[in-house]
Amino acid sequence: MSALAARRRTLPGFGLTMGLTLSWLSVIILIPLAGLFLRSLELSPEQFWNILSSRRTLNALRVSFGLAFAAACVNLVMGSIIVWALVRYRFPGRRIFDAIVDVPFALPTAVAGVALTALFAEKGWLGAPLAALGIKVAFTPVGIFVAMIFIGIPFVVRTVQPVLQDLDPEIEEAAGSLGASRSQTIVRVILPSLAPALLTGLALAFARAVGEYGSVIFIAGNLPNVSEIAPLLIVIRLSEFRYADATAIAVVMLVVSFVIIFAVNRLQRWAQSRIPAR
Amino acid sequence: MTMQIADSVSLSASDSKARAQAAAARNNLRTEPRPVRIAIITLAVLFLTVFVVLPLVVVFAQAFSRGILAYFAALAEPEAMAAIKLTLIVAAISVGLNLVFGLVAGWAIAKFEFPGKTVLITLIDLPFSVSPVISGLVFVLLFGAQGYFGSWLREHDIQILFAVPGIALATTFVTFPFVARALIPLMQEQGTQEEEAAISLGASGLQTFFRVTLPNIKWGVLYGVLLCNARAMGEFGAVSVVSGHIRGETNTMPLLVEILYNEYQFVAAFAIASLLAMLALITLIAKTVLERHLDEGHEPRDH
């Protein structure tokens, strides 16, 4: 081990490149983020609490977190179905649909926002038939939900897909030949093997949807207390020069994201520990 | 391996028939009844069509709803041209900065062992999990009128917020991890032997990097730059917070989409949006091609 470390050190430039990496990381990422936390420390706990417990803030956080969680759950179910179809079955256009899953990653959020709004507005291709059924999507919380589903779907598909691909076929065959029904095999054998990936996908989709701004604000309607998401409230508070309010909401959202990263890291470690050494 | 040996041995007809039946029985243990299969495929295709294909199609349908002339007239507007130009400038700055950072960080992280490596990678990944609006907000808090450096900047007459530097800074923040994250695993996998050989043969560090390392990771570099550029050109939330929305000056393409849309200039809004959608599609196609190159690069090293 020490011989390996010594050998690795024979390459030049560690000090220089590490120094540059840390400096640039600090200038672009760490100092700006630290500035946000410093700002929030300037608030007394009482001020902080008053901002967060105001009706409008609470409602915005409730809309963002609640709908993001609901959308992530839809993504979990639909993402699993998509992964299953893409990995296990052969059908015409499979490769194209596989590539298309990444569109929400690649499409700029503002474009997704105006496109979803046009699609689900009362006169839109999907909005018109839905309106005939009495369902209003655009400019209601349902619209936010739809946009969050759009933005989250690749996270579940792309985390679960490689795990299902690598799943050893023999364990399924073993379960089947030992007399398990297909549904028993799926629930008792396949699902547990996919669990860490499914949970990671859920967490990533949730984290993305909570912070999402561009694809949501066009379709949301942005009615305070009803269809106003937390990131939009930050923007509104900034434009009113109420920096303290913006900072307090941002800090809450950041802390939640950091908790999610931590959870995802733990999940990954758990997943790795379950892979038998070969 | 045993399967291959069995295959190469010639078998009698009854043997191969029995084997085919056994294989079919084994496959049956791994799949679902036909109606279930069809239902799952239909659900998957329907969902992707409604949530992904239709939004893409609607962008182009709206952009060309008044004909091709109206489309190009909308793109030729000075405001549109200014937005396109600004978007290209900002993307060039932030992709350039992140490319250099990615190469430097890749060298430090992938070619050396040191404690805290995982923490450092997590820190580089941070922008992925920060809301775009917050990514803009942090720079307002630093450089805004009430910000930490606000009064100093005003005294020295330096404009960062509501100008190109602020937009470039916010975009760099948001796209920070892309190149580094594409390069670190690739460079780790390639190890240090080739570099060590070059150094022991008397090459300098820089020569080794440009002649040995860079050719090995060129597809990874392209991959990172591609994704970084797509996000840089399309970033909305972070840029929206720091831009100030000065018409013809600080509006990038995504910001102009919002402004035109809110003014009910739908053809113009969707015309700009269609350019960004095309960028996304080209990015996805190029990404697929590059992934194939990257996979090819991996295979011989695995065995």
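**View 1. A:Val163 sits buried in a helix of chain A.** With 20 C-beta neighbours inside 10 Å, A:Val163 counts as buried (buried means 20 or more other C-beta atoms within 10 Å of the residue's own, exposed means 12 or fewer, and partly exposed lies in between, with C-beta atoms placed from the backbone). Its place is in helix α9 (residues 141–166) of chain A; helices (H or I, at least four residues) and strands (E, at least two) are DSSP runs, numbered from the N terminus. Setting aside neighbours within four places in sequence, A:Val163 is in contact with A:Leu194 and A:Ala197, where contact means C-beta atoms, placed from the backbone, within 7 Å. Look also for A:Ser193: it is 30 residues from A:Val163 along the chain, and their C-alpha atoms are separated by 8.4 Å.

This is a predicted model, in which local features need pLDDT of at least 70 and side-chain atom pairs count only at pLDDT 80 or more, while totals for chains, interfaces and linings use all residues. Residues are numbered from 1 along each chain as its sequence is written, and chains are lettered from A and ligands numbered from 1 in the order in which they are written.

**View 2. The largest nonpolar core takes in residues of chains A and B.** This core has 166 residues; a nonpolar core is a set of buried Ala, Val, Leu, Ile, Met, Phe, Trp, Tyr and Cys residues joined through C-beta atoms within 7 Å. The members that touch the most others are A:Val111, A:Val114, A:Met148, B:Leu137, B:Val257, B:Ile272 and B:Ala273. Helix α5 (residues 78–110) of chain B gives the most to this core, with 15 residues.

**View 3. Chain A meets chain B.** Each chain brings 76 residues to the contact. On the side of chain A that touches chain B, helix α2 (residues 14–41) gives the most, with 14 residues. That side of chain A divides into 57 nonpolar, 12 polar and seven charged residues (Ala, Val, Leu, Ile, Met, Phe, Trp, Tyr, Cys and Pro count as nonpolar, Asp, Glu, Lys and Arg as charged, and the others, Gly among them, as polar).

**View 4. Helix α12 of chain B has a buried face.** Its 12 residues (205–216) should span 16 Å at 1.5 Å a residue, and the end C-alpha atoms are 16 Å apart, which agrees; the expected span is 1.5 Å times one less than the number of residues. B:Thr208, B:Phe209 and B:Thr213 are buried in α12(B). Seen down the axis, the buried residues fall within an arc of 95 degrees, so they line one face of the helix (the arc is that of the directions from the helix axis to the C-beta atoms). These buried residues pack against α5 and α11 (193–200) of chain B. The face turned away carries the exposed residues B:Gln207, B:Phe210, B:Arg211, B:Leu214 and B:Pro215.

**View 5. Annotated spans of chain B include helical stretches.** The unreviewed UniProt entry marks "transmembrane region" at several places in chain B, including residues 38–61 and 130–149; such annotations may be inferred rather than shown by experiment, and positions follow the numbering used here, with feature names shortened. Residues 38–61 are 100% helix and 0% strand, with end C-alpha atoms 31 Å apart. Residues 130–149 are 60% helix and 0% strand, with ends 23 Å apart by C-alpha atoms.

Note on methods. Two residues are in contact if their C-beta atoms, placed from the backbone, lie within 7 Å.
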